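Visitor: I have a model open and some labels to check. Can you take me through them?

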Amino acid sequence: MKSILKKGIKDTSGAYRFSAAVLRQWKLAALDLLAPPACAGCGRIGSAWCAICVSQTEEITGQLCGLCGGSLEVNVCRHCDEYPSDFDRACSFATYTEPFRRILLRFKYQFDPSLGEIVAKQVLKRVKILAPDADIAVAVPLGPERRAARGYNQVELFARPLADYLGTRFDLKALRRIRDTRSQVGLNGDERRLNLSNAFEASSIRIGGRRVLLIDDVFTTGATGNACARVLKNAGARAVYLFTLARAVGSREVKMEIA
């Protein structure tokens, strides 16, 4: 452990972030020993996301669109053909189905850094494929009122450790939501896009010339990712890669608990 800490101080900033990640893991492990967590998926004691629920999670695989990461039924993804993306590539880890749905709800309603650490490790390989050259990582921000009411941004719980494992700088100030919007729950694609119009702002000083990994919890219609990617590109981003933990499928597109 001493050698890791010394390396973090003496070497690159990436090495320092890695040592910070190790310290965070030790702290969370100690807390888990004192109060063993219950699995967010099934309630079993011992892990915030147990091996059984991991195995039952429906990961998204197969022939996927190279832009939005959705199922590719024809040569061109119907979604991207109708609504061109502002991000360069996107992918999601799993479908928004049980038991993974309950993992995302835990993030939204319970501050659980231990779960964020576990999920970040699980999705790391997928993100490395999506954005191997990302210079900076940002989380889709909450509006001021919603963040104050919740006390935290649920996306940051897994986005921050994910950036640490990638060796990519996580920036809280590069992208911000400048106005609160109504909940996206129950809105169709056009209503979501209108709801998010002019809702975000990006810093050209922090973003300009960089390849950005944009992280969110759920891809529903792509409206949120597109709105963020648009302002990131306008701020000078060289590329924007969108990663979401889950993707809504079929009738779940507009009937989700997650805004």
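**Rings and helices**

Guide: A search of the whole structure finds 4 aromatic pairs. Rings of Phe, Tyr and Trp (its six-membered ring) pair if their centres lie within 6.5 Å. This is a predicted model: local features need pLDDT of at least 70, side-chain atom pairs count only at pLDDT 80 or more, and totals for chains, interfaces and linings use all residues. Residues are numbered from 1 along each chain as its sequence is written, and side-chain values use heavy atoms, without hydrogens and water.

Visitor: Why is the pair of phenylalanine 107 and phenylalanine 158 called tilted?

Guide: Their ring centres are 5.3 Å apart and their planes stand at 50°. Planes under 30 degrees apart count as stacked, over 60 as edge-to-face and the rest as tilted. So the pair is tilted.

Visitor: What parts does the pair tie together?

Guide: Phenylalanine 107 lies in helix H5 (residues 100-109) and phenylalanine 158 in helix H8, so the parts tied together are 51 residues apart in sequence. Helices here are DSSP runs (H or I, at least four residues), numbered from the N terminus.

Visitor: Is phenylalanine 107 buried or exposed, and how do you know?

Guide: Buried means under 20% relative accessible area, exposed over 50%, partly exposed in between (1.4 Å probe, protein chains only). Phenylalanine 107 has 2%, so it counts as buried. Phenylalanine 158, at 1%, is buried too.

Visitor: What makes H6 oblique to H8?

Guide: H6 (residues 113-130) and H8 (residues 156-166) pack at about 50°, with axes 8 Å apart. Angles under 35 degrees count as roughly parallel, over 145 as roughly antiparallel, 65 to 115 as roughly perpendicular and the rest as oblique. Therefore H6 is oblique to H8.

Methods: Axes are lines fitted to C-alpha atoms, for helices over the stretch in contact, and angles run from 0 to 180 degrees between N-to-C directions. Helices (H or I, at least four residues) and strands (E, at least two) are DSSP runs, numbered from the N terminus.
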